[in-house]
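I wrote down each thing as I looked it up, so do read along with the structure open.

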Amino acid sequence: ALHYWYPKWTGHMLNDILGKWTFWLLFIGFNLTFFPMHMLGLEGMPRRVYTYDASTGWGTLNLIATIGAFLMAAGSIAFVINVLRSRRGQQTCGNDPWNSDTLEWATTSPPVPYAFVYQPVISSISPMWDDISRQPVVIGTTTHKREVITTTILEALPDHKHEMPADSIWPVLLGVAVGATMAGIIFHPLPFIIGSIVVLLILFGWFWRGGEPASLEKRSPEIEAEAAP
Amino acid sequence: MNNKALDVSALPESALDHRSLIWWGNTLLLVIETTMFALLVASFLYVRMNFPIFPPVLTTRPITILHPFPELARPTMTLLILIVSVIPAILADRLALRMNSLGVRVTFGILVLFGIVAAISRFYDLHSFLFVWSDNAYASVVWTIASLHLMHIIVATSENTAMLLWAMTHPLDRKHARDVRVSAVYWYWVVGIWIPLYLLIYFGPRIL
């Protein structure tokens, strides 16, 4: 999966031969590491011990597992080399290097935060093979707030627009408060009470919508160009 | 630019029912919470299997209590308060659908009051047990069920209070009408889930 989506993520292709080396080293290494552990477990070896008596006869299987672990390490190193190599070149891989069927391959590599200027309309499970450029696009959403189109559940017909929240500091504060509460109750029950109240107040702040400016979005240049008369 | 286009500008900004994403988020949260209670019910029944005398004899008091049955009258009153509190919730739900600002304010106000009374009543229910949570495994699971549900009453009532404050200070729009309806769904669940749990922890020791 990493090799598959790496071009979409970064705009660079990974090397095919090195990728195959990574696959086989990891595949063989993984099975060589973990399959002997099944047999060792059946023979009574507990997990997560670093030493055992030679008379147990577990030495050979553990040696095989160690060889497997080194193969996996080699596979991981091959992957790191592959990534470093791919960063050197300037050429990008284009939007859809795999001639793949799903929608993420319709946007640029790496994708822009908003993914699509105009949301495409999808009529099958493999939209890229339906010639996406001929598909209709969604228009009529506002640029003043974040909206998503909500569809009906079974027929996937557009039903209504759902307004998404704007940027907010409250979720971070909530995370800090919950973390501090959890750390506190290790030592004393009192932080549970205090934490609950603080969390509740933060949630109140978070849910009390309406104070935000109408537009918090940084608009894309394309949308700005469209918006300009 | 494409000549074919799907124009969504005429679509409504919100939906007041199960088409809304918020409705689904809330409902699936309730599925998770129901699973929590199902696990606690399983724990209760598992504890039952491990005690030949049930409820277990309470030996941690100065005088040993042979049959520490939970009291019935007070928790039954709490249950009735909860069941009656569904009425303002249903009314708020229906009035939100008709975008009736004043009606939602009144019914939600009553619902919040019911929530506060139910929470206080449940708090005294907890103290009417002859055992405390640390006495034995049975006591622990009963306390956990009752106090987890108390927590839900408190959370739902806090949420309803926030909703009420919003409704008091703003005219009802469709988005918040939907929130009122979703809050009502949460309250239906808080009340509904307590009926089997009440039967289990108050009648379970007598018949199981």
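**Entry 1: a strand pair in chain A.** I began with A:Thr150 and found that its bridge partner is A:His160 in strand 3 of chain A. A:Ile149 is likewise bridged, with A:Lys161 of strand 3 as its partner. Strand 2 of chain A and strand 3 of chain A are joined by five bridges and run antiparallel. For pairing I need at least two DSSP bridges between two strands. Helices (H or I, at least four residues) and strands (E, at least two) are DSSP runs, numbered from the N terminus. The two strands make a hairpin with six residues between them, and A:Ala156 in the turn shows a positive phi of about 55 degrees.

**Entry 2: ground rules.** This is a predicted model, so I keep local features to pLDDT of at least 70 and side-chain atom pairs to pLDDT 80 or more, while totals for chains, interfaces and linings use all residues. Residues are numbered from 1 along each chain as its sequence is written, chains are lettered from A and ligands numbered from 1 in the order written, and side-chain values use heavy atoms, with hydrogens and water left out.

**Entry 3: the interface.** How many residues of chain A are in contact with chain B? I get 28 residues of chain A, against 27 residues of chain B, with contact meaning heavy atoms within 4.5 Å. The area buried between the chains is about 2400 Å², and carbon and sulfur atoms give 66% of that area. Buried area here is the accessible area (1.4 Å probe) that two parts lose on being put together, summed over both.

Entry 4: The rule finds two salt bridges across the interface of chain A and chain B; a salt bridge is a side-chain nitrogen of Lys or Arg within 4 Å of a carboxyl oxygen of Asp or Glu. I looked up the one between B:Arg19 and A:Asp159, at 3.1 Å from N to O. The elements that give two or more residues to the chain A side are strand 1 (137–139), strand 2 (147–151), strand 3 (158–163) and helix 5 (190–207). Strand 3 of chain A gives the largest share, six residues.

**Entry 5: chain B as a whole.** I count five helices and one strand in chain B, in the order β-α-α-α-α-α along the sequence. Its C-alpha trace spans about 80 × 40 × 25 Å along the principal axes.

Entry 6: Where is A:Pro110? It lies in the loop between helix 3 (59–88) and strand 1 of chain A, and the peptide bond to it from A:Ser109 is cis, with omega near -10 degrees. That loop also holds A:Ala115, which has a positive phi of about 65 degrees although it is not a glycine. In chain B, a cis peptide bond joins B:Phe54 and B:Pro55, with omega about -5 degrees. B:Pro55 sits in the loop between helix 1 (21–49) and helix 2 (73–97) of chain B.
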